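Here are some notes to read with the structure open beside you. Take the points in order and find each element as you go.

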Amino acid sequence: MRYPVDESATPLGLLRTANAMAIRMIENYAKNLVLTVQDYSLFSARAFSNLYRPPIYWPEFLMQADIIGVGSLLIVILSGLSTGGVLALQSAATLSSFGATAVTGQFVSLTMIRELGPVLTGVMVSGRNASSMASELGSMVVTEQIDAMRALGVDPMRKLVTPRIAASITMLLFLTIVADACGIAGGGMVTVFMNHQNGTQYLNMAWEHLRYPDIIQGLVKPLFFGYILGSIGCFYGMRTSGGTQGVGRSTISAVVWSSVIIIFVDFLLTQLLLTLFPPL
Amino acid sequence: MTAPPTFPQPGQDHAFPSDEEPVVAFRNVSLAFDGPPVLDDVSFSVAPGETRILLGPAGVGKSVLMKLVNGLLRPDAGSIQLFGQEIADMPEEQLFPLRTRIGMVFQEGALFDSLTVRDNVAYQLIQEQVPDDEIDRRVRDALRFVELEETFDLFPASLSGGMRRRVAIARALIRQPELLLYDSPTGGLDPLTSTTIIELIVKERDVYHTPSLLVTHRIQDALILCNHHFDQSQGRMVPLPKGQTDPGTTFLMLEEGRLIFDGSLHELVKSQNPFVREFLA
């Protein structure tokens, strides 16, 4: 006597089921990704248009500027000094084999101003502030404070999101300038006190080979990075769901995605700016 | 020079919409998230001066319905009229002025934890740039109404659950709203504190006659609301004579997103619907 066979329990049946599950997972992931990109585009377009339309909440802007700018100053100074120092150490070690240690100043200043200053500051500030924005707004979402604000007739996009983005853009510009200056100073200290080279020569090389396009490149990038970290931090905060666990997930997503996107956009911007201002 | 508007005192006339058109009207409203409908073809209305109690166990869509009333959520289908205006498809920007005419008390109070009680209660007045001394006076009036004047400078974290709800009620009342929404105002509170909150709602209903929609899963709260009135001479809530109920307080009941009952307390207790009978048992 033959018994009916349950096909789903055979190895072939299990393989088919696993295949179907894998395809469904990929499909869901792709759909969620597209949906997130769409939501972010709409969110960031709305936040950007609010920058130019009243009412503008100046007290909130100033408070966020203080939290983001003054609050991040110490980490930016320390990371700038260390990075400049490391650059001077590494470059001096390599350049000495060509007998070109004199160009250490040029190497450090160009690298800091064009690349490392903006990117490093963007990533550091994003780690500190995108996470803080996501967790703060996320907590407000899960405790219905955002709904309460809307119910009281106040637009949370204008009151909470736009001031944070505006403050991120403004303060990242100044923090990048501070990081650049600290990086060059850190490189100078290593050059003088550890590599025992001439400090005046270091500073002359750092200054004389700087061109306006280098400075423009270094100052345009933080404007984009500030927008990215502010908008992504707020975006993940405002779409938090799932209670306190959800706040944790939003915070992680905000830090990871803002850092990754800053580095990716840095690549695109560098390519664009090098096309606009070709090196001599 | 006329005095600036302040929190209305008991006995003072309160402005109602002059016509008899409903303050809120739902017509065939449906909403689903990911899965079965949360609300399915729901129709009801709230008339001027009326208090409607929305009953139902947890998870039947009561809070969702409440958020649809002031446009915090949008329906998939149907029509929602608020103060005579269709809000189902109204842009968010146009909803903000309408929402300032509504007072809403959230399930857990939803106070802003970084602001003091004064700033929480005065939130709308601060946005409207009302002078500070007037804000202080109106906040004290509102806090006096909920008997929490001493919490003026405290932060929400230092208040008990019941006190937070009372502050949330003061925040909802400060601009003399034309409609009040209470989302489970007694949820998670002990019976004594629940009665204090219900007494405040009865006081608001009988003194200012603001139309309201109250969500609750506690039948005992609903019965107190229906069987009591606020005696202004005694300054407290007292039971109505046996067999009498407040004529302006009526009931709605939801089951799995569908509205299964709409009527008075008398009709509710006589209902033969098995779900209603089980809920009342």
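1. How many helices and how many strands does the secondary structure of chain A come to? The count is eight helices and zero strands. Read from the N terminus, the elements of chain A run α-α-α-α-α-α-α-α. Keep in mind that this is a predicted model.

2. Look next at the overall dimensions of chain A. Its C-alpha trace spans about 95 × 60 × 35 Å along the principal axes. The radius of gyration of chain A is 25 Å, while a compact globule of 280 residues would have one near 19 Å. Of the 280 residues in chain A, 41% are buried. Now take the contacts in chain A with a separation of 6 or more: 87% of them join residues 24 or more positions apart.

3. Helix α1(A) covers residues 11–50, and helix α5(A) covers residues 156–194. They pack at an angle of about 85°, and their axes are 9 Å apart. Angles of 65 to 115 degrees count as roughly perpendicular, so α1(A) and α5(A) are roughly perpendicular to each other. On the α1(A) side, the residues are R46(A), A47(A) and N50(A). They meet M157(A), R158(A), V161(A), T162(A) and I165(A) in α5(A). By class, this contact has four nonpolar, two polar and two charged residues.

4. Chain B has an open sheet of six strands with mixed pairing. The strand order is β6-β7-β8-β3-β11-β12. Which strands are at the edges? They are β6 (102–105) and β12 (258–263) of chain B, and each pairs on one side only. From one strand to the next, the twist averages 15°.

5. Inside that order, find β3(B), residues 51–55, and β8(B), residues 212–216. These strands pair in the parallel sense over five bridges. L54(B) stands opposite V215(B) in β8(B). Helix α1(B), residues 62–69, packs on the sheet. This helix touches β3, β7, β8 and β11 of chain B, and its direction makes about 160° with that of β8(B).

6. Now compare a hairpin. Strands β1(B), residues 24–32, and β2(B), residues 37–46, pair in the antiparallel sense over six bridges. A25(B) stands opposite S45(B) in β2(B). Four residues lie between the strands of this hairpin, where G35(B) takes a positive phi near 135°.

7. Last, see where the chains touch. The contact takes eleven residues from chain A and 14 residues from chain B. The chain A side has four nonpolar, three polar and four charged residues.

Conventions
Residues numbered from 1 in each chain as written. Chains lettered and ligands numbered in written order. Predicted model: local features only at pLDDT ≥ 70, side-chain atom pairs only at ≥ 80, totals over all residues. Contact = placed C-beta atoms within 7 Å. Nonpolar A, V, L, I, M, F, W, Y, C, P; charged D, E, K, R; others polar. Pairing = 2+ DSSP bridges. Helix = DSSP H or I, 4+ residues; strand = E, 2+ residues; numbered from the N terminus. Axes fitted to C-alpha atoms, helices over the stretch in contact; angles between N-to-C directions. Parallel < 35°, antiparallel > 145°, perpendicular 65-115°, else oblique. Rg over C-alpha atoms; globule rule 2.2 N^0.38 Å. Buried ≥ 20, exposed ≤ 12 C-beta atoms within 10 Å, placed from the backbone.
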